[in-house]
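Please look at the sequence and the 3D structure shown here before reading on. The briefing that follows takes up a few of its strands and helices by topic.

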Amino acid sequence: MSETRNEQEEQRRIKLAEIRAMGVEPYPPTFGKTHDAHAILDGFSPDAAADYATVAVAGRIMALRRMGKATFCHIQDQSGRIQIYFKRDDVGEQAYDVLKKLDLGDIIGAEGYVFSTQTGETTVYARSFTLLTKSVAMIPLAKEEVADDGTVTRYDAFADKEQRYRKRYLDLIANPNIKNTFVTRSKVISAMRRYFDDRGWLEVETPILQPLYGGATARPFVTHHNALDVELYLRIADELYLKRLIVGGFEGVYEISKNFRNEGMDKTHNPEFTSMEIYVAYKDYLWMMDMTEHLLNSLVQEVHGGSTVSVDGTEISFAMPFRRARMFDLFEQYTGMQLRGLSRQELVEAAGVIGVSVDPTWSAMKILDEIFSERVEEHLVQPTFVMDYPVEMSPLAKAHRSEPGLVERFELFINGKEIANAFSELNDPIDQRERLEEQARIRAAGDDEAMIVDEDFLHAIEVGLPPTAGLGIGIDRLVMLLTDNTSIRDVVFFPQMRPERSGDHHA
RNA sequence: GAUUCCGUAGCUCAGCCGGCUAGAGCAUUUGACUUUUAAUCAAAGGGUCCUGGGUUCGAGUCCCAGCGGAAUCACCA
């Protein structure tokens, strides 16, 4: 860390020394806080003043108005802001001298009674106060003007996205409204846990450091274990381990998993991201579809208190049942063409008719994928289960019970984006081996994102995986949807950033 | 990875066609003020104009390269 200090930061260190010289400890160990700001603002009325005759609040000073022998300040705690009024004659001359040394950003506690000022603002009238933490670094300050109708105008807000992501703690202080996003994120995850736990499914932990990576198609991060002198990979998915646990006899397991993929970064991709995968024995993808829509409906109820969510101006309804459509029916609906069973060459021609440009080197699957994202996805605004994918696209999904060439798989699309992916899990060991060996051939042909053959996983399938349904949900994207954010960086506290050059980063 | 835009005080931003000592508001310091609220009034201090080259009598401004960010596109969840 560079130690360049500006004039204002030097000034704060001087004040810190002066406060100590007055015999006041600027970093005391505890404070007996009794109320959140929000609780006082909600509960207080002049009639109920007796209930607020003694309160203790604590928080960071966000606004300071000194008027000679009286001072007003606003402190911000986790619930919001509240004003505190100090009068020299009431807190005492010595304490008031300490008050004069306080700055924006300092954390204080105040004890007193609640009253309503001449202008009608609910305020804590301080009988005493305690400096809890002296801040010696500058915080970006956002002044707020609250109009009569309650609208809040912010001035000089901390707006630099780069700094907001790099120094999220400042962002949370200066833009406290973003806390709502992260609170919702937390609620979504805890509600999901509760949903699964209530049904008897077991939360488990599987390796993040894996000797072989699998369960998805992506490039991994590689690391090295010194003692074993082996390469290890940060997991790209936990699917293959969770299935081993079903083989081992658990009948319902789930994991909320940080996964790592060594790919590009943009507003929907962070190198580490959170997904939830769940596997339930003796169930199929149709059962999983019912479970998924019920789960999401419950989550939306819990975080929004209804079944609709507004995303980018569009109302999304999570009312059950969600739309269900087979993939090739969607192709027919939105392109007017029946694409099932077409050869690669026929697909190239079909793409030409539809008006989707394809690269001549692409495989049949890649062409289908392209047509789907160009012509179908945009229509899947309301929650839609897309069912029954071609087998080549899904090396871990079970062959369809009645449709040759397809697998029992669904993806859930909402607002044109994939939120969940599920299959009846492939448990035929002969089929599974052939599919992974086909992936190995694709890989040998140059696609370094194709899956690799994991012999131990195949052995587990040979031992016997019962009929099982599996589901994966992208938590970050789900949270983006439920909080109306368009960038993954706004739903992750500390998104990955390119390191700053040393010397450039002055805090 | 490609394209476009951005980087000036702690924060938010001006800075024209290249031309005096680089500006404003908030914040900071000093003074006044015992119900203010973007408090107010008076005065003062504060700059690696992202970095490095180049053009020029002269560069915050123009050119080149680099660094960092944002948006759009391509790929991946």
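In this predicted model, strand β1 (residues 55-67) and strand β4 (residues 107-116) run antiparallel and are joined by 6 bridges, where two strands pair if DSSP finds at least two bridges between them. Helices (H or I, at least four residues) and strands (E, at least two) are DSSP runs, numbered from the N terminus. Within this pairing, Ala58 has Gly109 in β4 as its bridge partner.

**The barrel and its strands**

- Taken in the order β1-β2-β3-β5-β4, 5 strands close into a barrel, and the pairing is mixed.
- β1 pairs with β2 in the antiparallel sense over 7 bridges, and Arg65 stands opposite Phe72 in β2.
- These two strands, β1 and β2, form a hairpin with 2 residues between them, and Gly68 in the turn has a positive phi of about 75°.
- β2 and strand β3 (residues 80-87) run antiparallel and are joined by 8 bridges, with Phe86 in β3 as the bridge partner of Thr71.
- The link from β2 to β3 is also a hairpin, made through 2 residues.

- Strand β2 (residues 70-77) is mostly covered, since 8 of its 8 residues are buried; buried means under 20% relative accessible area, exposed over 50%, and partly exposed in between (1.4 Å probe, protein chains only).
- Both faces of β2 are covered, with Ala70, Phe72, His74 and Gln76 buried on one side and Thr71, Cys73, Ile75 and Asp77 buried on the other.
- Val55, which lies in strand β1, counts as buried because its relative accessibility is 1%.
- Beyond its neighbours within four places in sequence, Val55 is in contact with residues including Thr34, His35, Ile40 and Val124, where contact means heavy atoms within 4.5 Å.

- The axes of helix α8 (residues 239-247) and helix α14 (residues 455-464) come within 10 Å and cross at roughly 30°; axes are lines fitted to C-alpha atoms, for helices over the stretch in contact, and angles run from 0 to 180 degrees between N-to-C directions.
- That angle is why α8 is described as roughly parallel to α14, a term for angles under 35 degrees, while those over 145 count as roughly antiparallel, 65 to 115 as roughly perpendicular and the rest as oblique.
- On the α8 side Leu240, Lys243, Arg244 and Val247 meet Asp456, Phe457, Ala460, Val463 and Gly464 in α14.

**How to read the values**

- Residues are numbered from 1 along each chain as its sequence is written, and chains are lettered from A and ligands numbered from 1 in the order in which they are written.
- Local features need pLDDT of at least 70, side-chain atom pairs count only at pLDDT 80 or more, and totals for chains, interfaces and linings use all residues, while side-chain values use heavy atoms, with hydrogens and water left out.
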